Amino acid sequence: MQSEVMFAGFGGQGILLSAKILAHAAMEDGLEVAWVPSYGPEMRGGTAYCTVVISDRLIGSPIIRNPMHLVAMNRPSLEKFAPLVKPNGVILVNSTLISIESGRDDVDELRVPVNDIAVRLGNVRSANIVALAAFVARAGVVKMETLRHCVKEEFATKEKLIPLNMAAVEEGEKAAAK
Amino acid sequence: MGKVLMKGNEAIGEAAIRAGCLNYFAYPITPQSEVAEYLSRRLPEVGGLFLQGESEVAVSYMILGAAAAGERVFTTSSSPGISLMSEGISYIAGMQLPAVFVNIMRGGPGLGGILPSQADYLQATKGIGHGDFRLLVMAPASVQEAAEMTMKAFPLAEKYRNPVMILGDGLIGQMMEPVEFHDNLKTKPVDKNGWATNGMDTRGSSQRNLIRSLYLDPEVLNRHNLELKAKYDRMQQEEIRFEAVNIDSDYKVLIVSYGTMSRVCRTAVDQLKAEGLEVGMIRPQTVFPFPEEAVGNAAAGKSCRAVASIEMSMGQMLEDVQRSVKGRQPVHWFGKCGGEVPTPEEVIEFVRSLAR
């Protein structure tokens, strides 16, 4: 069983970081994983995207045209990548910044105002962790417990950020349950 | 130590340290600058030397100097940077010095682009510099393999007193995968007293080791060239490595592919098998020496109807595949360039067209 998760948004929204935390969690869960960034010539504020391939066996192609799931942090990302998502996948939509819908009726569209939640928690920069946690809670690609552990580990050198990001995980998980 | 999640570029840097190489000279270039970033932090921690040269040309001669002094040394670069180093690489080969060069290829020619490519195959395997010499060239297909090949490169360079190249592509450098460093791959440097410069004046040694690539007497130079050739012949005997995929099936099509491209092909092989079309694959892990016999034998398989060289270049490895198949089968080419990586779907469509 293989699933691919595409993270997409503006540069600066923490796209690569949340994808890396997911990849780390998958590794900790004993799965094969590949984290594939887009490293093309991009301008500041341009689109950033990153694919995480998670599998229970050796991963062949790390290049994925049609991901299983999408985490869209801004509108251009949703418009560009929503049509590529495989049927029955999860599309997480950052509804704070995206007013439109994915236009797909064959996927599980999860709309979460991740920026609003992050601002309420005290720092908009934790929006990516809110989104990551909401996505994982819904799609179940890794264990929530492993995700918590990996978020903590990611911020181990910036300890004062840990409470904020753990709160972001909790809120994200809650948002996915509604 | 268990598995850690690392970029290919970082894993190459860490692997070199674990192989016992504490000297790194480099000049940054996308898509491999993370090696320098990583080692600029890591090498001082382990008492090693990180030095950013003023250019790739300068770096190649820093490598030459350190290797001549008997030190384990390496550098990393990407396509245009490797071209600049090619002069130094020729001197290093002529002087029979061990050194490791990593090329994380990007699209070309000229400055080209910064995305993954395999456009330097012929340069790496046939003619990276002037003169008559070869590099031993290994091509990783994963972060794990990039780390292992880097560790193996140092003893191989010393075994042959010849530069060794790791030929990766931008994706291998940029991608993160779990990697485990096998410290049993760490080797002791060979005894270099017989040839390395030893500072005889300061150490009271009476042995004068002269390292040179200038041989004005044609008879002597010819002998030198024969000595070099004997090393490359020995590599053909002892160093060929490859992986065979689905080769015990009744495959109708044989794919030859390496590096990132072979990962895409492997997915295509699996999907086509599920559809009922058997496809075999030979994945060269060394591209010089090339697994000529393995490819030739696989192409002669009784159900095989066509052979395809699938590469992110315009038919470069194709020449080695044709040479190996020796006209026994039609040899086709499929690929993309410029930083485009063919998708499994595109490979599948091409292979289906060959099987029809």
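Leu16(A) is placed in helix H1 of chain A, helices (H or I, at least four residues) and strands (E, at least two) being DSSP runs numbered from the N terminus. The model is predicted, so that local features need pLDDT of at least 70 and side-chain atom pairs count only at pLDDT 80 or more, while totals for chains, interfaces and linings use all residues. Residues are numbered from 1 along each chain as its sequence is written, and chains are lettered from A and ligands numbered from 1 in the order in which they are written. Leu16(A) has 19 C-beta neighbours inside 10 Å and therefore counts as partly exposed. A residue is buried if 20 or more other C-beta atoms lie within 10 Å of its own, exposed if 12 or fewer, and partly exposed in between, with C-beta atoms placed from the backbone. When residues up to four places away in sequence are not counted, Leu16(A) touches Pro37(A), Ala48(A) and Cys50(A); two residues are in contact if their C-beta atoms, placed from the backbone, lie within 7 Å. From Leu16(A) to Lys158(A) the C-alpha to C-alpha distance is 18 Å, at a sequence separation of 142 residues.

Two further helices of chain A have buried residues. In H3(A), residues 114-121, these are Val114(A), Asn115(A), Ile117(A) and Ala118(A). They lie on the same side of H3(A) because they cover an arc of only 160 degrees around the axis, the arc being that of the directions from the helix axis to the C-beta atoms. Strands E5 (90-94) and E6 (108-112) and helices H4 (127-139) and H6 (162-177) of chain A pack against the buried residues of H3(A). In H5(A), residues 144-154, Leu147(A), Cys150(A) and Val151(A) are buried. Their arc around the axis is only 105 degrees, which puts them on the same side of H5(A). The cover over the buried residues of H5(A) includes helix H1 (15-28), H4 and H6 of chain A.

In chain B, Ala15(B) belongs to helix H1 (residues 8-18). Ala15(B) is buried, because 27 other C-beta atoms lie within 10 Å. Its contacts, not counting residues up to four places away in sequence, are Ala147(B), Thr150(B), Met151(B) and Phe181(B). Ala15(B) and Ser313(B) are 298 residues apart along the chain, and their C-alpha atoms are separated by 28 Å.

Helices H10 (residues 259-275) and H13 (residues 344-355) of chain B pack with their axes 8 Å apart, at an angle of about 60 degrees. Axes are lines fitted to C-alpha atoms, for helices over the stretch in contact, and angles run from 0 to 180 degrees between N-to-C directions. H10(B) and H13(B) are therefore oblique to each other; angles under 35 degrees count as roughly parallel, over 145 as roughly antiparallel, 65 to 115 as roughly perpendicular and the rest as oblique. Their crossing is right-handed, a crossing being left-handed if the near helix is turned anticlockwise from the far one by less than a right angle, and right-handed if clockwise. H10(B) contributes Val264(B), Cys265(B), Thr267(B), Ala268(B), Gln271(B) and Leu272(B) to the contact, and H13(B) contributes Pro344(B), Val347(B), Ile348(B) and Val351(B). By class, this contact of H10(B) with H13(B) has eight nonpolar, two polar and no charged residues. Ala, Val, Leu, Ile, Met, Phe, Trp, Tyr, Cys and Pro count as nonpolar, Asp, Glu, Lys and Arg as charged, and the others, Gly among them, as polar.

Between the chains, 20 residues of chain B are in contact with 17 residues of chain A. On the chain B side, two or more residues each come from helix H7 (170-174), strand E8 (176-179), H10 and H13. H10(B) gives the most, with five residues. The residues of this side comprise 11 nonpolar, three polar and six charged.

Helices H11 (residues 292-299) and H12 (residues 317-325) of chain B pack at about 65 degrees, with their axes 8 Å apart, and the crossing is right-handed. Glu292(B), Val295(B), Gly296(B) and Ala299(B) of H11(B) meet Val321(B), Arg323(B), Ser324(B) and Val325(B) of H12(B).
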